[in-house]
Amino acid sequence: MMCSTKFKFSQFFVIILLLLSACHDQLESIAPIEDAITEEESSFNQFNFEELADMSDFTNLREGDFTGRFLIISRGQNLPNNLERSIQQAGGELVKTFPQIGIAVAVARAEDFLSQAKKINGIESITPDLILQYTKEPEISGEALVFDASLTRRGNTASAGAPFNYQDAFFDGVQWAPSSINGPAAWDAGFTGKGVRVAVIDGGFHSTHQDLAPNLDIASSISTVPGFNFNQDVGTFWHGTHVAGIVAAAGNGIVGIAPEATLIGVKALHGGSGALEWILEAILYSATPLTEGGAGADIINMSLGATIDYRNNWGDKGFRDFFKNLQKTYDRATRYAYQNGVTVIASAGNGGTNYDDAKEFFQLPAQNQHVLSISSTGPTGWVLGNDNFTQPAYYTDHGKSLVDFAAPGGTIGLFEVEGFDGICTLNGTNLELTRFCELFDMVISCNVNNNWAWAQGTSMSAPAAAGVAALIIQANKGKMSPAQVAARMRQSATDLGKSGQDEFYGHGFVNAAKAVGLN
């Protein structure tokens, strides 16, 4: 018989703020648009979560819920012998193992399981796994725009080296981001990411979207969220769908940075939240070769992150242990990906913080081992004639200790910073759009129900950099180590801001054309 056990945690859960969407994200969706967003009931009732007992003692706290599962970290790279039996003797049940990185997952069957399990030989630590609550879904505004969606569907059928006719896209002339990093020049030369596999670890993926379906490897796409498929989510804005489109939209509505790369949708979040176990499993699956039952990714994109204020709370042992274990778990996962030849890219965060000054913060997984962290840029008044596409976005986290590269992520700084809220008309190749001027400064990509939407954030800049990485790998015959990819990105990036590495651009603003060897 299962024991009903409630675990109370000490004051360690401080400013864990997962950034599924930008802190200041705004969106406009193109057809249809709902007048209001309906609040969704939690889909995780099976875990019987409860609020952390001591969380009210901290400021800026996000609610964290216990999943009922514990992450067990071995002292070495291998799990202890007879671990399953030891867990049973301690009053628990072993439910999952990740032997490639020496981590396992267990549940309690007795009230004293946690204290007993810590005594098992070969275990370095055991920590409760928590749901990290994400920011709320951003507002959606604007009138519906309906257009003829009977577009010619593309597929990965072009021969290697063939130019990509991006001007066939319905929203040609509406996207500024690809041009800002010289994407069209790379496409004209036949560099489209063809043959490169990009795993997007995120929320749900609208698998029948006309810009995703041609490039999506359905057979390899999975969900690590219990009870949900990879192509399920809630709400009117699907973050994973938007991110995937920036990487490799096929060019029916919009064009991704690597428009013929293969996408693998790996759902590790749902409705704006997720457990570390889900993200951990997603990284390991993505980085495992196809021949070993994994996704066989060349690149992993993670447009998510946890900002943790650790120095100001270091005196609390409960917090200290939790943070160390969280950091160590991510390090083991990203190191595994690196050792398997997979380039890992993550968003830098949207708190507008300089990490060189605010040394009390740590960004997971952007600051973990072998992860390329991407800051965000965007124009202020593109439709008004401003082409300052490389301007750092007002919300982007920055700092030489955090940022590796910058890429276009969009901004509504025209409204938020400048206070301008006028109406503008943009004349694209196939349509005319009239909207608030600041909306055109964001990044347009795919959304649920075969629609498109604008959004801003480092969640949008990371997949742009991932697309450039895919072009690099294709240009080098399909195989490059993560170190080689990073070196090529450094060599080809445009040096902006202070000379050399600086706090906003890291090693530079990514350049797709130079990255593939074009002048």
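Start at helix H6, which is mostly covered: 11 of its 12 residues are buried. Keep in mind that this model is predicted.

**Stop 1: helix H6.** Now colour the buried residues. Among them are Leu276, Trp278, Ile279, Leu280, Ile283 and Leu284. Glu277, Tyr285 and Ser286 are on the buried list too.

**Stop 2: the disulfide.** How many disulfides does the structure hold? It holds 1. Select Cys424 and Cys437 and show their side chains; the S to S distance is 1.9 Å. Look along the S-S bond: the angle about it is 85°, and the link is right-handed. Cys424 lies in strand E17 (residues 423–427) and Cys437 in the loop between E18 and E19, so the bond ties together parts 13 residues apart in sequence.

Are these two cysteines buried or exposed? Cys424 is buried, with a relative accessible area of 6%. Cys437 is buried as well, at 2%.

**Stop 3: Cys446.** Select this cysteine next. Cys446 has 0% relative accessibility, so it counts as buried.

**Stop 4: Leu439.** Go to the loop between strand E18 (432–436) and strand E19 (443–447), where Leu439 lies. Its relative accessibility is 4%, so Leu439 counts as buried.

Conventions
Residues numbered from 1 in each chain as written. Predicted model: local features only at pLDDT ≥ 70, side-chain atom pairs only at ≥ 80, totals over all residues. Heavy atoms only, no water. Helix = DSSP H or I, 4+ residues; strand = E, 2+ residues; numbered from the N terminus. Buried < 20%, exposed > 50% of the residue type's maximum accessible area, 1.4 Å probe, protein only. Disulfide = S-S within 2.5 Å.
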